[in-house]
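Hi,

Here is the structure I said I would pass on. Have a look at it first, and my notes follow below.

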Amino acid sequence: MPANKKLLILPGDGIGPEVMAQTRRVIEWMARRRMVSFDISEDLVGGAAIDARGTPITDETMQAAKDTDAILFGSVGGPKWDKLGFDMRPEIAILRLRKELDLFANLRPATVLDPLVDASTLKPEVVRGLDLMIVRESTGGVYFGTPRGVETLPDGQQRGFDTESYTTSEIERVARVGFELARKRGKRVTSVEKANVMQSGLFWRQTVTALHARDYADVQLSHMYADNCAMQLVRNPRQFDVIVTSNIFGDLLSDLASMLTGSLGMLPSATLGAVQPNGKRHALYEPIHGSAPDIAGKGVANPLAQMLSFAMLLRYSFDMEEDARLIETAATAVLAKGLRTADLASPGATPVGTVAMGDALLAELDRVAG
Ligand code: IPM
Ligand code: MG
């Protein structure tokens, strides 16, 4: 018997624990019906860890994260912890995980499922069938660049500063992830930066261009300034297949792209590290929606993004395409039946709660698995 797959679950704050509880039911279903069992451990992160242990993530949790096969992350943060010092924010938990596990490629899909085409604020004909993937660099750029800080100038006023910087290898490795993904999809990559105003942006463009010529000439590459990309995403999002961009631009553009689909409550993400000599790679999976403190504890959150993050985990960490598809098919089927949580509800429709959505998903899993 091969060793069980190790899974570290970090529900975090806000709606994280609620949507994770429903996802646990999917994991149990997988064990029961598909004979895939996981060695599961669960731990505190973010505000929950600050309250219990005085730090957003302990060294022990970091070690467990390094030792596991895959991390299923909920979300962190909330008003309760907003006044803490810069290094004590709940967000430090996710930033530290990304940095110390070298999770450099953040994959953020934006897909419009047919039953939800009317949930978008854009016209159905603009978003129908949308399927784009943002590959956001996630361990470099202005998020981590030095020098950074606040200094006092000779004239007595203060100056706050951060540094955007990218090395050749940092750009190449994330661009490779984008090119490889594009090969399995629409074979088109748009590399996004501000080469017109930033040195690091021009360098990004040149580096991606050289890599493309060297190794990925079969993929169609185009370049776009980040501001234009924001505009194009709203004007005609279906022109894109894979977008590869820096940490900060990816942060902005992925929020924008997620709203093209009408619901943040639907979108999963994966953050991957490099494949190591033993064939394994660190990987973390989380919904895009964040901790949503305004609806936390009310039982109304949409658990689908967390469940779809688990589907991505099956696909990318364990190569379990068929099982991943089961969850995705069940999610689409539930929506096709008209079930909606509040984030998706159309005027007049009665939204279902978190647990009811979990019930429906499980029933649909039973059905699609036959
Ligand atoms: C995200 C979030 C994080 C980020 C925060 C919570 C640090 O906005 O994952 O997009 O800025 O990367
Ligand atoms: Mg963000």
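Keep in mind that this is a predicted model. I'll begin with the ligand and then go through a few spots in the backbone.

**Around ligand 1**

The side chain of Arg-98 has an N or O atom 2.8 Å from an oxygen atom of ligand 1. For Arg-108, the distance from a side-chain N or O atom to an oxygen of ligand 1 is 2.8 Å. Arg-136 also places a side-chain N or O atom 2.8 Å from a ligand 1 oxygen. On its own, ligand 1 would expose 320 Å², and the protein buries 71% of that. As for where it sits, ligand 1 takes up the space of the second largest pocket.

**One step back from the ligand**

**Backbone spots to check**

There is a cis peptide bond between Thr-146 and Pro-147, with omega at about 0°. Pro-147 lies in the loop that runs from strand 5 (131-137) to strand 6 (149-152).

Two residues other than glycine turned up with positive phi values. For Asp-102, phi is near 55°. You'll find Asp-102 in the loop between helix 4 (92-100) and strand 4 (105-111). Is Asp-102 buried or partly exposed? Its relative accessibility is 32%, so it counts as partly exposed.

The other one is Lys-187, where phi is about 60°. Lys-187 is in the loop linking helix 6 (168-183) and strand 8 (188-193). With a relative accessibility of 38%, Lys-187 counts as partly exposed too.

That's what I have for now.

Cheers

Conventions: Residues are numbered from 1 along each chain as its sequence is written. Chains are lettered from A and ligands numbered from 1 in the order in which they are written. This is a predicted model: local features need pLDDT of at least 70, side-chain atom pairs count only at pLDDT 80 or more; totals for chains, interfaces and linings use all residues. Side-chain values use heavy atoms; hydrogens and water are left out. A polar contact is a pair of N or O atoms within 3.5 Å; within protein, one must be able to donate a hydrogen and the other to accept it, and residues adjacent in sequence count only if both atoms are side-chain atoms. Accessible areas come from the Shrake-Rupley method with a 1.4 Å probe; for residues, only the protein chains shown count as cover. On a 1 Å grid over the protein atoms alone, a cavity is a set of points where a 1.4 Å probe fits but cannot get out, and a pocket is an open set with protein on both sides within 12 Å along at least five of seven lines; lining residues have an atom within 4 Å of a point. A molecule sits in a cavity or pocket if more than half of its atoms lie within 2 Å of its grid points. Helices (H or I, at least four residues) and strands (E, at least two) are DSSP runs, numbered from the N terminus. Buried means under 20% relative accessible area, exposed over 50%, partly exposed in between (1.4 Å probe, protein chains only).
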